[in-house]
Amino acid sequence: MVAELQGIGMTSRRTRMRLIQRLRESGIRDERVLTALSETPRHIFLDEALAHRAYEDTALPIGYQQTLSQPYIVARMTEVLMEHAPSRVLELGTGSGYQAAVLAQLVDEVFSVERINPLLNKARERMRTLRLRNTNLRLAGDVIGWPEQAPFDGIIVTAAPASLPDELLSQLADGGVMVVPIGEASQILTKIIRQGDDYEVTELEPVRFVPLLGGVVR
Ligand code: SAH
């Protein structure tokens, strides 16, 4: 039994390192980000039936028509965020909690908001399992984001708005960075830096995310 478990552990370490190698080949350069991904067990963020595919570089379903993003995208968005060394980060779209768990290893505090309560509950349980005590998760409220905890010096949006909501821009600290996929059928990963009342916008690359929606699923 123990040998069997060790066997599983070793297999998953080897497959995890293969994924990290692939991310390097895809152009991910930030070693801190690569280390955080290599130390985050992606299989615990998936249902058992899909866990064996956890270290493939693909998006995978997590139920409720939502997906856990492709590791490359998680790494890329995290890398863009980390260029600006934020310490308090807001994530919009907790989903499985994987992105939040990666961030929790790199920044002081993570705040993450989800609109589907059953997904939120599972994500909370995973944070407890991994003892990531610097993560704060909550159900979406009337206003998008987490205005009570604003401003954030980093915001990462993991569902796509058709256009950028003003309420979210106002939660970004002066000098802060936001990474967000914007668009409907086709989306562009976009970086926004706030300088006072100015927002410097850089379009990065085409991506595919589920849409950012209003309302709450209990
Ligand atoms: N970051 C996640 C994947 C996100 S999938 C992970 O690492 O697993 C996108 C998530 O955004 C979905 O779970 C969806 O329910 C959520 N979402 C969509 N609109 C939202 C909103 N307005 N507020 C909060 N969460 C939202």
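Q: In which loop is the place of P151?
A: The model is a predicted one in which local features need pLDDT of at least 70 and side-chain atom pairs count only at pLDDT 80 or more, while totals for chains, interfaces and linings use all residues. Residues are numbered from 1 along each chain as its sequence is written, and side-chain values use heavy atoms, with hydrogens and water left out. Helices (DSSP runs of H or I, at least four residues) and strands (DSSP runs of E, at least two) are numbered from the N terminus. On that numbering, P151 belongs to the loop between strand 5 and strand 6.

Q: What is the omega of the peptide bond that joins A150 and P151?
A: P151 sits in the loop between strand 5 and strand 6. The bond joining A150 to P151 is cis, with an omega of about 5°.

Q: Which residue of strand 7 does G154 stand opposite?
A: Strand 6 (residues 152–157) and strand 7 (residues 172–183) pair in the parallel sense over 4 bridges. In strand 7, the residue opposite G154 is V177.

Q: How far is an oxygen atom of the ligand from an N or O atom in the side chain of E114?
A: Of the 23 residues around the ligand (a heavy atom within 4 Å), E114 is one of those that come nearest. The ligand also has a nitrogen atom 2.7 Å from a polar backbone atom of L213. For the E114 side chain, the distance to a ligand oxygen is 2.6 Å.

Q: Which side chain meets that of K122 in a salt bridge?
A: A salt bridge is a side-chain nitrogen of Lys or Arg within 4 Å of a carboxyl oxygen of Asp or Glu, and here the N to O distance is 3.5 Å. K122 lies in helix 5 and its partner in the loop between helix 2 (31–38) and strand 1 (60–63), so the pair ties together parts that are 75 residues apart in sequence. That partner is D47.

Terms used
Pairing = 2+ DSSP bridges. Polar contact = N/O pair within 3.5 Å; in protein donor to acceptor, adjacent residues only side chain to side chain.
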